[in-house]
Amino acid sequence: ARVIATRERTAAALSEMGFDVVPSTANFVFAKPPKISAEALFLALREKNIIIRYFNKPRISEYLRISIGTDEEMDALIGACREIL
């Protein structure tokens, strides 16, 4: 239940920032960032020690796979995305 609540809160926050978030029932969200490439956001987050997954593959190269962590970890991700965007 905790993962579901955190996933839904994170997906909503990303959507509010303009991300295209694919509906999920898993322990991760798949999201396309606005105004910046997925690879650029991946690298910018990595500089802030926030590790997410980026796949340079056809059909998914503009999306990021974001595993759901603790509320504090997800708040750090959301804050960093706001700062970068």
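The stops below cover salt bridges and the parts of the chain that they link.

This is a predicted model, in which local features need pLDDT of at least 70 and side-chain atom pairs count only at pLDDT 80 or more, while totals for chains, interfaces and linings use all residues. Residues are numbered from 1 along each chain as its sequence is written, and side-chain values use heavy atoms, with hydrogens and water left out.

The structure contains four salt bridges (a side-chain nitrogen of Lys or Arg within 4 Å of a carboxyl oxygen of Asp or Glu).

Select Arg9 and Asp71: their side chains form a salt bridge, 3.3 Å from N to O. Because Asp71 lies in helix H3 (residues 71-84) and Arg9 in helix H1 (residues 2-16), the pair ties together parts 62 residues apart in sequence. Helices here are DSSP runs of H or I with at least four residues, strands are E runs of at least two, and both are numbered from the N terminus.

Next, select Glu83 and Lys48, a salt bridge with its closest N and O atoms at 2.5 Å. Glu83 is in helix H3 and Lys48 in the loop between helix H2 (38-47) and strand E3 (53-54), 35 residues apart. Glu83 is exposed at 58% relative accessible area, whereas Lys48 is partly exposed at 35% (buried is under 20%, exposed over 50%, partly exposed in between, with a 1.4 Å probe and protein chains only).

Finally, select Arg9, Asp71 and Asp75 together: salt bridges with shared partners join them into one network.
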